[in-house]
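Take a look at the chain below. This report goes through it part by part, from the whole fold down to single pairs of side chains.

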Amino acid sequence: MSATFACPHCGATYPVKPVLVGRVVRCTTCRNAFVLRADGHADKVAAAPVENPAPAPAAARPPPPPAPTPAPAPVPPRPAAPAPRPPAPARAAESLPPVEDIEVVEPSPPSRRLAVEGGGQTQREVRNKLNQQQEEARRSMAGTLANAAAAALQAEKASQESASAKGTQRSKRLATAPAKRESGRHSPVLVVGVGEREAAERRRLWQWVATILGVLVILICLACYRSPPRKALDDFAAPVGTAYAPYPHRLPFMQSRTWMQDCNVLIDLGTVHVGSKRTIALKGVAGLITGMKNLTYLANYQFWTDAGATRAVQKAWKPKLDRDTNLQRLKDAGIAVTTRADMQAQLQAGGLSDEDADIILRLIMPIANSPQFDAARFGRGEVPDAIEVYPFHGTDGEALRAAGNRYSYPKTDYSGLLVRFIGSGWSRELRVFRLDLTNS
């Protein structure tokens, strides 16, 4: 059975109470009579007239929505003193029981009237009494909470003051206490900012380590790096294979690494220094060099002449006469010759220095190495755009010299030139052009 029941006339809900079962009661909302059955349902009945009916409300209020949760059951209302029952009509007396003018208390909305208690208090008086009690309880609780909060704040403040005082005393004690150093024990020390200083020192240490490592890497790279001139010198003095090591193969094989067939050879560079590069521009003497390809160099006479005039030169040249007299005899015979001095003067007239002119003269003489080399092409009259020259010198080198049927290896200082040809179609290979031994 449900804990509440609804008015069959207006739907207002009321709590089920055993005192109301089987009795005709009147709804306090719509003022209509009904009977509550034992199963918790109410039935409509015709209201019996009463002598002093309760005044109807000015306007019927709409039924309130059903309460989601029934409120606690109020104090059971005590019925008022029953008035003398008037005689009911015959039809009503026969079919319906007399209507008791009992107001049922509605549990949900507080705005509805409460049942009148036996003390004769009205609903407003009861509500005012409850409100006063609740207000007193609230004030008492608020006061208790305020006192508890104030006590807690005072306790916390006292705790903080006590902790601060203890910390100050400990700091003073540690700062003024004499250091006691015993075996296995350390005296307390007050340190400020040690962690930051240690972190800064570690950072500086790692910075120094990184800097040193960087410098070492750069030095290693510089040590491993070989410039093109140094690489050419290392290749020039590199050891030979076992097939060319015995006498007399080693010296010619190492001379084949240079531009010239008669170049001296080193098997150990010792301490070597390479100078600055200089460039020999050949534009002003290109025509002169090209014209030399039609001439033949006669090494015994040390001049150039036409290839067909070799026999005439041999017939006119007298070994018993000096060089100037023989040159005049050739000129009187109509044989054109070009001496090294004549060629040197023409090269200097083309804008070359004495040293650069000497390099050009040595290159156009037929003592260059195998024909595929750039020096041999130059001797045949092919002219590059320029020639790059790197001077070098060294100390404590070890030379390779032929001594009878064996090789000797004298210690010596030396100087020389590295040369390469610049131009389209030229190899740009850097090789030793000249090597002069100082004290071998």
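## The chain as a whole

Of the 440 residues in the protein chain, 28% are buried. Keep in mind that this is a predicted model. Its secondary structure comes to 11 helices and 16 strands.

How much accessible surface does the protein chain have? The figure is about 28200 Å². Carbon and sulfur atoms account for 55% of that surface. Now take the contacts between residues at least 6 apart in sequence. Of these, 59% join residues at least 24 apart.

Helix 9 spans residues 340-349. Its buried residues are M343, Q344 and L347. Seen down the helix axis, these buried residues fall within an arc of 100°, so they line one face of helix 9. The face turned away from the buried side carries the exposed residues A341 and A349.

What do the buried residues of helix 9 pack against? Their partners are helix 6 (286-291), strand 10 (303-306), strand 11 (337-339) and helix 10 (354-364). Just after helix 9 comes G351, which takes a positive phi of about 105°.

Helix 10 is mostly covered, with 8 of its 11 residues buried. The buried ones are D356, A357, I359, I360, L361, R362, L363 and I364.

The largest nonpolar core has 29 residues. Inside this core, I360, L363, I364, F378 and I387 have the most contacts. Five elements are named here as giving two or more residues to the core: helix 9, helix 10, helix 11 (374-379), strand 12 (386-399) and strand 15 (411-422). Helix 10 gives the largest share, 6 residues.

Which residues does I360 touch, leaving aside neighbours within four places in sequence? I360 is in contact with L282, I289, L347, L352, F378 and I387. There is also a second, separate core of 17 residues. F236, Y414, L418 and L435 are among its members.

A281 is found in strand 8, residues 278-281. Is A281 buried or exposed? At 54% relative accessibility, A281 counts as exposed. Not counting residues up to four places away in sequence, A281 touches L352, D385 and A386. A281 and A386 are 105 residues apart in sequence, yet their C-alpha atoms are 4.7 Å apart in space.

R278 also takes part in a link. Its side chain meets that of E355 in a salt bridge, at 3.4 Å from N to O. E355 lies in helix 10 and R278 in strand 8, so the pair ties together parts that are 77 residues apart in sequence. Both ends are partly exposed: E355 has a relative accessible area of 38%, and R278 is at 24%.

In one of them, the side chains of D234 and R230 meet at 3.1 Å, N to O. D234 and R230 are 4 residues apart in helix 4 (residues 228-236), so about one helical turn separates them. D234 is partly exposed at 22%, and R230 is partly exposed at 32%.

R431 forms a salt bridge with E429, and their closest N and O atoms are 2.9 Å apart. R431 counts as buried at 13% relative accessibility, whereas E429 is partly exposed at 34%. Salt bridges can also link up. D374, R377, R380 and E382 are joined in a network of them.

## Cysteines and a loop

The structure holds 0 disulfides. C30 is in no disulfide, and the nearest cysteine sulfur, that of C10, is 3.7 Å away. C30 is partly exposed, with a relative accessible area of 24%. C221 is partly exposed at 47%.

Where is R23 found? R23 sits in the loop between strand 2 (13-15) and strand 3 (24-26). R23 is partly exposed, with a relative accessible area of 25%. R23 and R37 are 14 residues apart along the chain, and 8.6 Å separates their C-alpha atoms.

Note on methods
Residues numbered from 1 in each chain as written. Predicted model: local features only at pLDDT ≥ 70, side-chain atom pairs only at ≥ 80, totals over all residues. Heavy atoms only, no water. Buried < 20%, exposed > 50% of the residue type's maximum accessible area, 1.4 Å probe, protein only. Arc of directions from axis to C-beta. Contact = heavy atoms within 4.5 Å. Areas by Shrake-Rupley, 256 points an atom, 1.4 Å probe, with all protein chains shown as cover. Disulfide = S-S within 2.5 Å. Core = buried A, V, L, I, M, F, W, Y, C linked by side-chain atoms within 4.5 Å. Salt bridge = Lys/Arg side-chain N within 4 Å of Asp/Glu carboxyl O.
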